[in-house]
Amino acid sequence: MEIHEGYEILQSVAFTNDRGYALEHNPGAPSPFVTWTFYENADGSRDYNWEHYFKDKDAALRDFVHQAAEHRYQFGVEKREPESQRQVRSITAIILPRGRWI
């Protein structure tokens with residue numbers, strides 16, 4: 001569980017231009033849901049800014065989805081896998097024998 005300014009990060013999405021969005025929750029806050037934009041630094045840390053606060057989870061989720069979709073469209077970027085899910089991908093080559101097959 002990752003915490004940012006007292007809010008638990010429920011979802012986040014990062015893009016290939018090192019920008020992203022997060023949906024967070026703090027049940028004890030006056031506005032328990034918040035969406036943030038962030039910049040990812042080279043060391044993997046994030047700088048958060050431009051927050052939107054909500055009392056309703058559905059409204060916060062709609063804002064999160066809308067902001068991410070709008071960013072992807074506006075900048076022509078793709079979603080990037082979280083650091084924890086990135087893995088080295090291997091390529092397997094199949095070399096067929098030469099000559100006739102019977």
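Which residue forms a salt bridge with Arg-72? The points below give the partner and the surroundings of several charged residues.

1. The model is predicted, so local features need pLDDT of at least 70 and side-chain atom pairs count only at pLDDT 80 or more, while totals for chains, interfaces and linings use all residues. Residues are numbered from 1 along each chain as its sequence is written, and side-chain values use heavy atoms, with hydrogens and water left out.

2. Arg-72 pairs with Glu-78, and their closest N and O atoms are 2.8 Å apart. A salt bridge here is a side-chain nitrogen of Lys or Arg within 4 Å of a carboxyl oxygen of Asp or Glu. Arg-72 is partly exposed, with a relative accessible area of 41%, and Glu-78 is partly exposed as well, at 44%. Buried means under 20% relative accessible area, exposed over 50%, and partly exposed in between (1.4 Å probe, protein chains only).

3. The structure holds four salt bridges. Side chains of opposite charge can pair when their charged atoms come close. One of these bridges joins the side chains of Asp-18 and Arg-80 (2.9 Å, N to O). Asp-18 lies in the loop between strand 2 (7-15) and strand 3 (19-25), and Arg-80 belongs to strand 6 (residues 79-80), so the pair ties together parts that are 62 residues apart in sequence. Helices (H or I, at least four residues) and strands (E, at least two) are DSSP runs, numbered from the N terminus. Asp-18 is partly exposed at 36% relative accessibility, whereas Arg-80 is buried at 16%.

4. Arg-80 also forms a salt bridge with Glu-40, with the closest N and O atoms 1.9 Å apart. This pair links distant parts of the chain, since Glu-40 is in strand 4 (residues 33-40) and Arg-80 in strand 6, 40 residues apart. Glu-40 is buried, with a relative accessible area of 18%. Asp-18, Glu-40, Arg-46 and Arg-80 are linked in a network of salt bridges.

5. A further point concerns His-4, which is found in strand 1 (residues 3-4). His-4 is buried, with a relative accessible area of 11%. Its side chain makes a polar contact with the side chain of Glu-24 at 3.0 Å. A polar contact is a pair of N or O atoms within 3.5 Å; within protein, one must be able to donate a hydrogen and the other to accept it, and residues adjacent in sequence count only if both atoms are side-chain atoms. Leaving aside neighbours within four places in sequence, His-4 is in contact (heavy atoms within 4.5 Å) with Ile-9, Glu-24, Trp-36 and Tyr-48.
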